Amino acid sequence: MEIDVKHIAKLAKLDIPEAELGKMEKELSSIVAMVEKLPELTSKESLLDPQNTMQLRPDEVKPSFPREEMLKNVPETAAGCLMVPKVVE
Amino acid sequence: MNNNFETVIGLEVHAELNTKTKIFCSCENRFGAEVNSLCCPVCMGYPGTLPVLNQQVVESAVKMGHALNCTINGVTKQDRKNYFYPDLPKAYQISQFDVPLCENGYLDILVGDETKRIGVTRIHIEEDAGKLIHDDSFDGTLCDYNRCGVPLIEIVSEPDLRSAEEAKAYLETITTILLYLGISDAKMQEGSVRCDVNVSVRPHGATEFGTRCEMKNVNSFGAVYRAILYEAERQMEVIAAGGTIRQETRRWDDAKNKSILMRSKEDAQDYRYFPDPDLLTFIVSDEKISALKASLPELPTEKTLRYVKDYNMQKVDAQLLSVSKARADFFDSAVELGGCEPKTVANWLLGDIARILNDRRIELSDTALTPQHLVEMIQMIDKGTISNTAAKTVLEEMMATDKAPQQIVEEKGLAQINDSSALVAIVEKVLADNPKAVEDYKSGKTNVAGFLVGQCMKASRGQGNPATLRDMVLAAIEKL
């Protein structure tokens with residue numbers, strides 16, 4: 001199993017030093033090899049679990065949270081919004 | 001435009017549903033509220049929160065599935081689509097991957113005189129992302145999460161569209177159906193309907209598709225049309241110059257009328273879909289699926305074709321009627337009352353009534369006009385009780401007040417004068433006041449009769465019967 005550690009690191013927003021790539025690839029390969037021993041899923045239906053289903057919620061409005069409460073955990077705010085480092089579309 | 005090539009188009013339409021609450025929490029689903037005032041820990045993606053699926057979202061999506069002739073998957077689930085961007089606080093969007101709620105449907109659209117069937121690959125439910133505000137007066141990007149968790153349906157078409165006209169007709173039909181079903185506000189200008197456009201070109205007669213490019217940010221019917229023309233032309237030029245098309249995502253800039261490269265296939269997103277462990281499989285029962293199907297109204301394309309067939313209407317008029325559910329319902333009620341020609345009702349709705357609504361920028365429902373009153377007014381014209389000219393005054397009054405036309409005619413003294421003795425004086429005066437026109441008529445310019453009859457109508461304040469007046473004018477000239 002070939003593992004592209006650089007690609008995975010990019011998706012996970014992780015900085016992995018060049019020197020550790022080889023080691024990482026070896027470790028990840030052995031994890032994947034272990035997971036691959038799980039019994040194979042036969043069809044897409046098997047990811048559905050009709051014996052164990054969920055109840056849906058009625059469409060009734062309940063009050064939202066006060067904004068000040070919601071923003072208490074936010075490191076930086078401005079004009080009632082969360083502020084994050086500038087992103088371009 | 002290069003005529004050796006054919007354009008192939010597929011559309012992904014995202015429509016916000018107008019449920020009372022969001023898809024996974026009980027926060028109100030409303031556009032235009034103060035920033036971050038419709039949020040809770042679920043929409044903000046705080047750890048430890050659990051999404052609970054809104055039943056109405058499922059029902060609305062199933063309705064759309066029926067309207068687009070889809071198979072409904074009554075046993076389905078939801079999946080996580082991972083991407084990292086600050087408009088999505090959880091860093092994943094809850095969507096559907098391999099088992100969409102609806103799939104394998106189609107939509108018949110009218111393009112010119114043709115009816116064309118467009119395949120619908122799938123319709124799935126998902127949550128909308130928040131809104132980012134880019135403003136130079138702040139050091140960073142601002143996030144408003146009111147839109148996080150607003151329910152969306154994504155409708156994916158097959159690559160069956162072959163021109164910008166077809167794509168526009170498809171999109172217009174989709175938005176009209178959303179309004180007919182009452183499941184979305186379907187306002188492209190407010191972003192409640194958004195569209196990604198996939199375009200490729202291939203030589204005429206080719207059996208394989210060319211490499212496609214996806215365009216994002218196409219936000220009006222006109223933009224869809226322009227973006228397709230631009231992109232098809234760009235691809236044809238690349239090929240004509242000996243180049244090849246690379247699969248890429250482009251952003252449509254409608255103001256500059258061009259598309260800009262966002263990312264190529266090499267750095268395509270890797271969404272790493274997997275079943276959402278916070279949400280279990282859910283079931284829509286066969287009874288529920290059938291009941292929702294039975295609840296569908298007659299849809300716009302069916303209506304248009306019925307009007308053409310049953311009332312011998314021009315297709316363009318039939319389409320203008322059925323494109324607005326309110327107008328089509330009004331028309332259907334008026335025709336059901338009977339006693340007048342359906343075509344006459346259509347002419348009033350598409351003519352004077354549409355003009356007044358348009359001038360005042362109001363909807364039919366903002367006026368006092370009822371199908372009953374319109375039919376009574378048309379009957380009064382047919383019987384010769386009022387003239388067409390007087391009817392316009394009656395119509396204005398009926399739209400402003402809830403008075404019956406009979407009452408308006410009496411109050412305003414608009415009844416038509418058919419009795420020629422009452423009109424003699426008017427005709428004599430008009431002829432005396434217009435000696436030049438009378439001379440012209442006598443020297444063979446017979447079309448001035450129309451002018452003279454018009455003057456008589458004016459003098460009678462619209463109450464004269466134009467046919468009677470015409471006979472009288474011609475007879476009087478002969479006698480001079």
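Figure 1. With 19 C-beta neighbours inside 10 Å, N217(B) counts as partly exposed. The classes work as follows: 20 or more other C-beta atoms within 10 Å of a residue's own make it buried, 12 or fewer make it exposed, and anything in between is partly exposed, with C-beta atoms placed from the backbone. N217(B) sits in strand β12 (residues 213-218) of chain B. Helices (H or I, at least four residues) and strands (E, at least two) are DSSP runs, numbered from the N terminus. Phi of N217(B) is near 70°, a positive value in a residue other than glycine. Most residues other than glycine have a negative phi. The model is predicted: local features need pLDDT of at least 70, side-chain atom pairs count only at pLDDT 80 or more, and totals for chains, interfaces and linings use all residues. Residues are numbered from 1 along each chain as its sequence is written, while chains are lettered from A and ligands numbered from 1 in the order in which they are written.

**Figure 2. N36(B), a buried loop residue with positive phi.** The loop between β1 (5-16) and α1 (41-44) of chain B holds N36(B). Its phi is near 55°, again a positive value in a residue other than glycine. N36(B) counts as buried because it has 27 C-beta neighbours inside 10 Å.

**Figure 3. The largest nonpolar core.** This core has 80 residues. A nonpolar core is a set of buried Ala, Val, Leu, Ile, Met, Phe, Trp, Tyr and Cys residues joined through C-beta atoms within 7 Å. The residues with the most contacts inside the largest core are A61(B), I123(B), Y170(B) and V197(B). Helix α3 (residues 164-181) of chain B gives the most to this core, with nine residues. Leaving out residues up to four places away in sequence, Y170(B) touches L11(B), L107(B), I109(B), I118(B), S157(B) and L161(B). Contact here means C-beta atoms, placed from the backbone, within 7 Å. Another core, of 30 residues, lies apart from the largest one. Among its members are L349(B), I353(B), L374(B) and M398(B). In soluble globular proteins, nonpolar side chains tend to be buried together.

**Figure 4. Helices α2(B) and α5(B) cross.** The axes of α2 (residues 55-67) and α5 (residues 286-294) of chain B come within 9 Å and cross at roughly 65°. Axes are lines fitted to C-alpha atoms, for helices over the stretch in contact, and angles run from 0 to 180 degrees between N-to-C directions. The crossing is right-handed. From α2(B), E59(B), V62(B), K63(B) and H66(B) meet I289(B), L292(B) and K293(B) of α5(B). The contact residues divide into three nonpolar, one polar and three charged. Ala, Val, Leu, Ile, Met, Phe, Trp, Tyr, Cys and Pro count as nonpolar, Asp, Glu, Lys and Arg as charged, and the others, Gly among them, as polar.

**Figure 5. Helices α11(B) and α12(B) pack together.** Helix α11 (residues 388-400) and helix α12 (residues 405-412) of chain B pack at an angle of about 120°, with their axes 10 Å apart. This crossing is right-handed. T393(B), V394(B), E397(B) and M398(B) in α11(B) meet P405(B), I408(B), V409(B) and K412(B) in α12(B). Five of the contact residues are nonpolar, one is polar and two are charged.

Figure 6. A368(B) lies in the loop between α9 (342-360) and α10 (371-382) of chain B. A368(B) is exposed, with 12 other C-beta atoms within 10 Å. Its contacts, leaving aside neighbours within four places in sequence, are M398(B), M399(B), A400(B), T401(B) and D402(B). A368(B) and E397(B) are 29 residues apart in sequence and 9.0 Å apart in space, C-alpha to C-alpha.

**Figure 7. Where chain A meets chain B.** In this interface, 32 residues of chain A are in contact with 42 residues of chain B. On the chain A side, α3 (67-71) and β2 (81-85) each supply at least two residues. The most come from β2(A), with five. By class, the chain A side has 18 nonpolar, four polar and 10 charged residues.

Notes: Two residues are in contact if their C-beta atoms, placed from the backbone, lie within 7 Å. A crossing is left-handed if the near helix is turned anticlockwise from the far one by less than a right angle, and right-handed if clockwise.
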